[in-house]
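Biologist: I have a structure to go through with you. Let us take it piece by piece.

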There are 2 protein chains.
Amino acid sequence: LLARLSEIVGARNVAVDPAEMAGYLQEPRDLYHGAALCVVKPESVDQVSRVLALCNEIGAAVVPQGGNTGLVGGQTPDSSGSQIVLSLQKLNSIREIDPASDTMTVEAGVTLARVQEAAESVDRYFPLSLAAEGSCTIGGNLSTNAGGVHVVAYGSARDLTLGVEAVLADGRIVSGLSKLRKDNTGYDLSHLFVGAEGTLGVITAATLKLFARPRARATAFVALADLGKAFDLFALAKADAGAALQAFEIIPRVALDLVLRHASSVRDPLSNMHPWYALIEFASFKDEPLDGAAELLAKAIQSDIARDAVLAASLQQRAVFWRLREFIPEAQTREGGSIKHDISVPLACVPAFVEEASRLVETLIPGARPVPFGHMGDGNIHFNVTQPVGADKQSFLARWGEVSEIVHRLVKKYQGSISAEHGIGQLKRDLLRTTKDPVSLDVMRTIKNALDPKGILNPGKLL
Amino acid sequence: LLARLSEIVGARNVAVDPAEMAGYLQEPRDLYHGAALCVVKPESVDQVSRVLALCNEIGAAVVPQGGNTGLVGGQTPDSSGSQIVLSLQKLNSIREIDPASDTMTVEAGVTLARVQEAAESVDRYFPLSLAAEGSCTIGGNLSTNAGGVHVVAYGSARDLTLGVEAVLADGRIVSGLSKLRKDNTGYDLSHLFVGAEGTLGVITAATLKLFARPRARATAFVALADLGKAFDLFALAKADAGAALQAFEIIPRVALDLVLRHASSVRDPLSNMHPWYALIEFASFKDEPLDGAAELLAKAIQSDIARDAVLAASLQQRAVFWRLREFIPEAQTREGGSIKHDISVPLACVPAFVEEASRLVETLIPGARPVPFGHMGDGNIHFNVTQPVGADKQSFLARWGEVSEIVHRLVKKYQGSISAEHGIGQLKRDLLRTTKDPVSLDVMRTIKNALDPKGILNPGKLL
């Protein structure tokens, strides 16, 4: 097999050396460590096609991988040592930028940051943005339907995609690239590959939507008495700004404290302490400052929705506001053990969910610190729980299952999702079985079996 | 079979009388006339489930139908008289409106107009809008992934859907209703049923997105020297207004002439004649008029993009502008024979496509009048051709195939779509076979066979 793979991609693109493979076999949270027969790095779609045809012929399992930044182990092979990691990193050309049609066609291995920069280079905007953007790849973003901070205005990776090129388990290439905004010619196969975590096909390229570049942004850090007020502020901002509302993130005081303790060169933007904060951002497409944001904040304070607020006065201050938000996971790591959940509930249920989940977790583990933060504008809360001060990290983390059971039971009560933006991978595969509509699960299995009858594509993930 | 169907839905909901069935057996353009064993009108999802289970058991073909306004014969049974029309019209309750979460859950048979009104009743906006909105149903809108005039800002029906409930061929119910903005728990089955024209399952209900209601609108009728200028105006408006640009429609002079000739109480909004017009609309979410629109038009005239422009001064004038656009198909019908195409090309290719297609058609049939109009903001042009003045309608229409071949060959050259928003149905089924990527077609067939192995769901449509 190794010889035949080398024939297809060249010997330099087949790694078997443990040191060379190491970076592909564990994931950023250190939850999964896999083994592999080899790591194959095709340089063209044709090579991907031939690699898959070969693996399908002999029944070898293939684990597609992009930037290896996924948080649920979807990109990590199992421990058998018989699986093949298919790295898409060398498929990294930007095939075309068409600013007139507002589209860009990129290969799977292009990093998200490069896509953003390429859009900017033609005075356009690609809004997908998340913490790992420097190393995650667009193929991984699409395979996991990545979210991030601008979903409230632009949708998830799925919504930014006009069409994909994907290689099926048997090596056939689905040529679905398209610059069209409207195309009602049958089942939307691109939407099927997006979010399928590499279990139905390997996305090798995509045509993405580009947007008008915002000319000015207003970024506000707003203090709130409770999460109910955050919801009121969100409703106000949405009614007032429509699609100009680009981000709406919530930060509890405990998260701000952790960031202030562990991050360098940051300080509380407000003089008093408050229980909750919202980080909100508005865009303008005119070459002028945004007066509306200041008016909106004044209205929020007058009507007793916000307790205090500050608008970023410079790009630098804007960056500081965002750093307060983006540093939260890192600050939690530095503070000790953290039990993480990536959940969503209907927008209106966010305050009740957070209040109830926090109470239950604090009852289960006295001293545990719920740190619910994130994308309130999408109903997507990272309900993370930091260990009690001074507790033993490992014994705290050993209770992950108990804590998650409480949180996910509540998610079910609110008809929410156990994975809002990170996907299922290995981490939530068994949980999916007990939470998803059984008929939907069965339809998923039917489709999987029809498209990948030998089960070579990312086995053990998702389903 | 009829007896068992009557047991499920009640005898009053099984029509067999030819007079009673007539309205379900032909479609609005009078291109297809079908026959049916009966028309079944279930009143609940459970009844739909039992009807399908029965039909699947005995292998009876089922043709789902909503408001019967589709334009490609997807909702019309074949002429055998053995198929069963499944009308969803009695599944017409609005199950829930949740303005706080910005969602609405409606059953398939609710008309689009009722959905719009229900949204407005809670101070929200549902942007899907098209000529048939008074009678088309949301189930049909989703099954055909309907487009309309606001796609440029809000996307097609697909993009407005958070989740669907659908009944499979064997009667099982996929419970995919969801108010969640983010949910990465497996394959997106809702996106599979949307646009599948009832061939994979019958959509019985959907949870839809609601949006902030625009507080003010600015509607402009703009005169242009050629389509290239229309594209320049579109680029200018998009860069300037971002998502506040709600519609961008183009109208050639020939279309305006036809409307002025055949519609009552309309007049040319401008004093001079011009080759092309754009009907554009901006929204504001503030309670104040939109100054930006006037500035934009002034800029367009100064920079020689627009020749003239008028902003609607009242809601009544706005309605008149829209009537000039919406009346075009009717005016074409009154003028005689019309050969119709619903195509899309990449945005930047619209001017070249229209110019080239018009030239080819005029060469093929001297005197034929191309009337290309519609959704330029989506690259979606209704490339309709009106018969030469005084020609015989039937002999003109007899050349439909020849004209379409030219038009669709050009669509292929520009990597466009032969069906931008109307779907495939019967009208374009054979054409699809020769224009779609063969691997994609094969994957579609594989999915169809896996989910509907007996082929009872809308056979002969799409695939």
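Modeller: Gladly; this is a predicted model. Start with a helix contact. Ala255(A), Leu258(A), Val259(A), Arg261(A) and His262(A) of α9(A) meet Ile328(A), Ala331(A), Gln332(A), Arg334(A) and Glu335(A) of α12(A).

Biologist: By class, how many residues in the contact of α9(A) with α12(A) are nonpolar, polar and charged?

Modeller: The contact draws on both helices, with Leu258(A) and Ile328(A) among the residues that meet. Sorted by class, there are three charged, two polar and five nonpolar residues.

Biologist: Is α9(A) roughly parallel or roughly perpendicular to α12(A)?

Modeller: Helix α9 spans residues 253-262 of chain A, and helix α12 spans residues 328-335 of chain A. Their axes come within 9 Å and cross at roughly 75°. Angles of 65 to 115 degrees count as roughly perpendicular. Therefore α9(A) and α12(A) are roughly perpendicular.

Biologist: Now the open sheet of chain A. Which strands are its edge strands?

Modeller: Five strands line up in the order β5-β6-β10-β8-β9 (chain A), with antiparallel pairing. An edge strand pairs on one side only. In chain A, those are β5 (94-98) and β9 (173-175).

Biologist: Which residue is the bridge partner of Thr105(A) in β10(A)?

Modeller: Strand β6 (residues 103-107) and strand β10 (residues 202-209) of chain A run antiparallel, joined by five bridges. In β10(A), the partner of Thr105(A) is Thr207(A).

Biologist: Helix α3 (residues 45-58) of chain A packs on the sheet. What angle does its direction make with that of β8(A)?

Modeller: Helix α3 of chain A touches β5, β8 (161-167), β9 and β10 of chain A. Its direction and that of β8(A) make an angle of about 50°.

Biologist: Helix α4 (residues 112-121) of chain A also lies across strands. Which ones?

Modeller: Helix α4 of chain A runs at about 150° to β6(A). The strands it lies across are β5, β6 and β10 of chain A.

Biologist: Last one. What kind of axis relates the two copies?

Modeller: A rotation of 180° superposes chain B on chain A, with 0.0 Å of shift along its axis and an RMSD of 0.0 Å. The two copies are thus related as by a two-fold rotation axis.

Definitions and conventions: Residues are numbered from 1 along each chain as its sequence is written. Chains are lettered from A and ligands numbered from 1 in the order in which they are written. This is a predicted model: local features need pLDDT of at least 70, side-chain atom pairs count only at pLDDT 80 or more; totals for chains, interfaces and linings use all residues. Side-chain values use heavy atoms; hydrogens and water are left out. Copies are superposed by least squares on the C-alpha atoms of residues with pLDDT of at least 70 in both. Axes are lines fitted to C-alpha atoms, for helices over the stretch in contact, and angles run from 0 to 180 degrees between N-to-C directions. Helices (H or I, at least four residues) and strands (E, at least two) are DSSP runs, numbered from the N terminus. Angles under 35 degrees count as roughly parallel, over 145 as roughly antiparallel, 65 to 115 as roughly perpendicular and the rest as oblique. Contact means heavy atoms within 4.5 Å. Ala, Val, Leu, Ile, Met, Phe, Trp, Tyr, Cys and Pro count as nonpolar, Asp, Glu, Lys and Arg as charged, and the others, Gly among them, as polar. Two strands pair if DSSP finds at least two bridges between them.
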